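Let's take a look at some side-chain packing in this model, ring by ring. Here is the structure first.

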Amino acid sequence: MASLTKRPRNKNKPWCVQWRDGAGKRREVAFSTNREAKDFKIKLEHDQREGTFVDPRLGREPFGDAARRWLAGLAVAPETRRAYHSVLDNHVLPALGDRALQQVAQDREGTAQLLNQFLAGLSRQRREIARLVITGTLDEAVRSARLPRHRVDGIRLISNGSAPDRSDFVFPARSQIEALAAGLRPDLRLTIWLMRGCGLRVSEALAVRKDCFREGTLRIFEQVQPDGRGTVALKHRRPGESREMPAPGYLLEAVDRHIGEHGTRDGYLLASARVPFVQHRGYLKSFTRAARLAGITEGFTPHSLRHVFVSALLARGVPITDVAEWLGHRSIEVTYRIYGHLVPSAWGRAREALDAEYQAWSTAA
């Protein structure tokens, strides 16, 4: 329960509301009028009962401190962390670092101006990182009850004319992909078909379990850490949240063959004997060597298999909205930016549909 007292010596803000937070620490806020203090006390006690109270003082924390704490706790690969730190330190903190969390959380217009005007000279990718750092910090502040909400989500980036990097959009022939798989260690060959058949990231493929497959679908819950010493939640997901996608027949057959030849370790299809899981660095080295021996164009990476997966679906008319969900993208905008150029042209189909509609309309008349 909160208490309301008057302190006559404080002439500017004599009315004081006091309470204890979840850690038992004494908190207080002073007000100029008795009415303001009473209103705050009533709302405070209601929110405490509902479990929704946010201490207004927590929102005064500098955005820079909260952003560094968010990034420190983020489970990403070392090179990704370096890229995030670079954008944070060089582009986000100079503009927002000293501002209070609650100020940034409410300044949607200012954040949009930062991303689309002040940072317009950066590449699209670095501006997307800047947006992710800002929204990720504010999302975490809401989850940790440092903010009640924020208004910065969903800001659209205006094109600055820079061309997207598509150097890893390499589409090898089937025989080359088969040779790529054959060039890997026998117990790792399944990764090629997991990434090609379901569009998984390499970290996700390495964490697939036998029981993730059910009735022609694959449902994943985790991804392997770069050092192979454990797993973390999926990208853009909380611990325990999953992502599901269709599993083609050739992948299910490959899984059965793999289990028959190598078995599983603690239920995981690709667990390592030396560390709990396969390490990223060693896998990438083997993958690059196998791709070269298979005669695949330079620039082909494990992520390229994800591009091949998307290309196959879009070329055959699968809606990009469904593809975006299976890929686990944060928003459909990300999918359109990366793969929009792979969507078959709708101009011809549109003209045919309009002509057919006009013909039907004329006949009916």
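Start with Phe287, which is buried at a relative accessible area of 0% (buried means under 20%, exposed over 50%, and partly exposed in between, with a 1.4 Å probe and protein chains only). Keep in mind that this is a predicted model, where local features need pLDDT of at least 70 and side-chain atom pairs count only at pLDDT 80 or more, while totals for chains, interfaces and linings use all residues. Residues are numbered from 1 along each chain as its sequence is written, and side-chain values use heavy atoms, with hydrogens and water left out.

What makes the pair of Phe287 and Phe300 stacked? Their ring centres are 5.8 Å apart and their planes sit at 15°, so the pair counts as stacked. For the rings of Phe, Tyr and Trp (its six-membered ring), a pair needs centres within 6.5 Å; planes under 30 degrees apart are stacked, over 60 edge-to-face, and the rest tilted. Phe287 belongs to helix H11 (residues 280-293), and Phe300 to the loop between H11 and helix H12 (302-315), 13 residues apart. Helices here are DSSP runs (H or I, at least four residues), numbered from the N terminus. Phe300 is buried too, at 6% relative accessibility.

The structure holds 8 aromatic pairs. Another of them is Trp193 with Tyr250: centres 6.1 Å apart and planes at 80°, so this one is edge-to-face. Trp193 lies in helix H8 (residues 190-198) and Tyr250 in helix H10 (residues 249-262), so the pair ties together parts 57 residues apart in sequence. Tyr250 is partly exposed, at 37%. There's also an aromatic cluster made of Phe169, Phe171 and Tyr339.

Here are the accessibilities side by side:

| Residue | Relative accessible area |
|---|---|
| Phe287 | 0% |
| Phe300 | 6% |
| Asn116 | 15% |
| Arg124 | 17% |
| Tyr250 | 37% |

Arg209 sits over the face of Tyr268, 4.8 Å from the ring centre (the cut-offs for a charge over a ring: NZ of Lys or CZ of Arg within 6 Å of the centre and within 35 degrees of the ring normal).

Asn116, in helix H5 (residues 108-118), is buried. A polar atom of the Asn116 side chain lies 2.7 Å from the backbone nitrogen of Ile158. Leaving aside neighbours within four places in sequence, Asn116 is in contact (heavy atoms within 4.5 Å) with Arg127, Ile155, Arg156, Leu157 and Ile158.

Finally, Arg124 lies in helix H6 (residues 124-143) and counts as buried.

Technical notes. Helices (H or I, at least four residues) and strands (E, at least two) are DSSP runs, numbered from the N terminus. A polar contact is a pair of N or O atoms within 3.5 Å; within protein, one must be able to donate a hydrogen and the other to accept it, and residues adjacent in sequence count only if both atoms are side-chain atoms.
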